[in-house]
Amino acid sequence: MKRIDLEFDLVVIGGGTGGPMAAVKAKEKNPKLRVLLVDKANVKRSGAISMGMDGLNNAVIPGHATPEQYVKEITIANDGIVDQEAVMAYAANSFDMINQLDQWGVKFEKDETGDYAVRKVHHLGSYVLPMPEGHHMKKILYRQLKKARVEVTNRVVVTRVLTGADGEVVAVMGFDCRTADTYVIRTKAAVLCTGAAGRIGLPASGYLMGTYENPTNCGDGHAMAYHAGADLANLECFQINPLIKDYNGPACAYVTGPFGGFTANSKGERFIECDYWSGQMMMEFYNELEGGNGPVFLKLDHLAEETIQEIETILHTNERPSRGRFHEKRGNDYRKQMVEMHISEIGFCSGHSASGIHTNAMGETSVPGLYAAGDCASVPHNYMLGAFVYGRLCGENAAAYCAGHGQGVIDAGDVAAEERRILAPLGRTDGLTPYQIEYKTRRLVNDYLQPPKITRKYEIALRRFDEIREDAESMFAANPHELMRAMEAHSILDCAEMAARASMFRTESRWGLYHYFLDHPERDDENWFCHSLLSKSAEGRMQMRKKAIEPYIVPIDEEERSAYQRLRVAHNAEAA
Amino acid sequence: MTIATTQTQVPVNVDNDKCIAEKGCTVCVDVCPLDVLAIDMLTKKAFMKFDECWYCLPCETDCPTGAVSVSIPYLLR
Ligand SMILES: Cc1cc2nc3c(=O)[nH]c(=O)nc-3n(C[C@H](O)[C@H](O)[C@H](O)COP(=O)(O)OP(=O)(O)OC[C@H]3O[C@@H](n4cnc5c(N)ncnc54)[C@H](O)[C@@H]3O)c2cc1C
Ligand code: SF4
Ligand code: SF4
């Protein structure tokens, strides 16, 4: 074990989707900039898009949708709690990004005239663009990283962003998960692209890595941002997804919807108008699941053979290709049975929901020199294309920031303290294992934090998390790999506490199931039409405050405002 | 207190006859996002060292000799 000291202008943390884009765009903006991309995995196959992607879920393409329509759709889908300027920055740059990816060789579905073949999945507009050959995504990004001469360090787990006297970014620390060498990387700026916090709750299967998100994404970025003094926004707006039961991956209604597939109850009847994932949709799903009409299924068995074959080709070769293998073992055949679905454990994710590190329309966090893009940031319903667009914005804006700032002064005490924290589990020969700490935290998250939310349960959870924090002081790691799991367990605990504190703060219900608070079952626009922000107090504790919604730039009328409240199929409607 | 090791059947299988790790191949170990594969120093073959699999398949897809096969972990199956 040694200590490695490096110096860069910009460090991008996480090389999944948004990260490579941020690094490439920073280099394009200033080729002299010294840019390092760090990933705990290997950027060749890391992140949510490790095996590619089924399609763009939120493409804003002229002729199919306008940025204004998109901003409206997301404002309504997210119950009004959005910074419209930040959503607009995504929407206005969406089409350029699609063309950029097209130029780089990403294959999107096009019609006979060469126009992008956009499909309707959302409640109001059309934004889904299939990528039947989406499995090449990581290769294409890797080529661009090489071309732009971005330096890449794989298998380094970043644990902290260090700040200087004015609270600005001065360094990034971490360790190698194979050698336990520690890294101190001096830098002027950093972009967090660490993905969702997808390992807070426990999958119903009990398998720790059986998560919807790539399990590398355990909330390290959220924890790092918090400890660096950044604000985190609307964390109580959990991510909860409708997934294939036990497999815990997308079924996937976005792909099958345009072919005629739909979410059905046990009678094979459609019960929601629209399969686009929103809190309200999840609420309807939950009600059906828990009511007499459960379980809930994805229904494809009424489709023609060629259609089913086409669906199989997409779903079983792309994104989560082991779906086919799972179905085979279960004897599931799309032709004969409906696929059983379930709701996932909770997480933070702005890709699908709206919870994450607070960022504005420039991708800036509240810490000078710290940017965030993709699932870990706070721009709602951003999905893959949002990670790319904000990756670009963060890369370019961070490059501009670097031009105006020198290297800061690193506090030697901070470095020593973090080195001690990282290496502590390796120094012990006895104690609790990272597996035990992680399992117990995540099991308690399921028991006490999974909605519906109840104050008394949340209070118990907080007390139990405190106990685990004490226990975690005796965690031991037998090797560098286990050390990675140990440090992740600390991030998971931090996120679990953040999820509890943010939820208890917002004393109303909003976002359907995501923040369904039984003690406060009504939506309360008078008091809670605002963001909630979580940050670290001077005493080192989690504190909450309200932030007013930024003035709308795209007005929403009364009728539109409630569109997502009307998802349930009318009672006596015919099954589709 | 002492530490016990609990046995578990892992989801990733490597066909030793096909694996060419002894010739320097480490592809599956390199691409696994969770870093759960390793080369056995004695047999000089790849194997699953930690039962922490996302059943995502880069190891199987990228192996040059088709030596890796991934099953869905038993708890999910
Ligand atoms: C199964 C699944 C299906 C999806 N389907 C679609 C779809 O069809 N269409 C769509 O538009 N979107 C889809 N999404 C959403 C989309 O994939 C994500 O929104 C997007 O890829 C997020 O990009 P990101 O850069 O934020 O995170 P990721 O691409 O996940 O990258 C995060 C990276 O951070 C690294 N990392 C994490 N912690 C650390 C640390 N401490 N130190 C160093 N590195 C770290 C990880 O290794 C990883 O490489 C899907 C997501 C999933 C999980
Ligand atoms: S990729 Fe295949 S050949 Fe190479 S080490 Fe792994 S199993 Fe062996
Ligand atoms: S399936 Fe994925 S997580 Fe499992 S060993 Fe292969 S690459 Fe690693």
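Which helices of chain A cover the buried residues of H2(A)? Helix H3 (84-104) and helix H16 (558-561) are among what covers them. Contact here means heavy atoms within 4.5 Å.

Some ground rules. This is a predicted model; local features need pLDDT of at least 70, side-chain atom pairs count only at pLDDT 80 or more, and totals for chains, interfaces and linings use all residues. Residues are numbered from 1 along each chain as its sequence is written, chains are lettered from A and ligands numbered from 1 in the order in which they are written, and side-chain values use heavy atoms, leaving out hydrogens and water.

Now confidence. The complex gets an ipTM of 0.98 and a pTM of 0.97 from the predictor. Chain B has a mean pLDDT of 96, and 99% of its residues reach 70 or more. pLDDT is the predictor's confidence in each residue, from 0 to 100.

Back to H2(A), residues 67-77. Its buried residues include Tyr70(A), Val71(A) and Glu73(A). Buried means under 20% relative accessible area, with a 1.4 Å probe and protein chains only. Helices (H or I, at least four residues) and strands (E, at least two) are DSSP runs, numbered from the N terminus. Just after H2(A), Asp79(A) has a positive phi of about 55°.

Next, a sheet in chain A. It is open, has 4 strands in the order E12-E15-E14-E13, and pairs antiparallel. The edge strands are E12 (242-244) and E13 (262-264), each pairing on one side only. From one strand to the next, the twist averages 40°. Two strands pair if DSSP finds at least two bridges between them. E12(A) and E15(A) pair over 3 bridges. Leu243(A) has His342(A) in E15(A) as its bridge partner. Helix H7 (residues 279-290) of chain A lies across these strands, at about 115° to E15(A). Axes are lines fitted to C-alpha atoms, for helices over the stretch in contact, and angles run from 0 to 180 degrees between N-to-C directions.

One residue to look at: Ser535(A), in strand E18 (residues 530-536) of chain A. Ser535(A) is buried, at a relative accessible area of 5%. Not counting residues up to four places away in sequence, Ser535(A) touches Tyr226(A) and Arg541(A), among others.

Last, the ligands. Ligand 2 has 13 residues around it, and Cys19(B) and Ile20(B) are among the nearest. Around a ligand means a heavy atom within 4 Å. Ligand 3 is surrounded by 15 residues, with Cys32(B) and Leu57(B) among the closest. That shell has 15 nonpolar, no polar and no charged residues. Ala, Val, Leu, Ile, Met, Phe, Trp, Tyr, Cys and Pro count as nonpolar, Asp, Glu, Lys and Arg as charged, and the others, Gly among them, as polar.

Key: Buried < 20%, exposed > 50% of the residue type's maximum accessible area, 1.4 Å probe, protein only.
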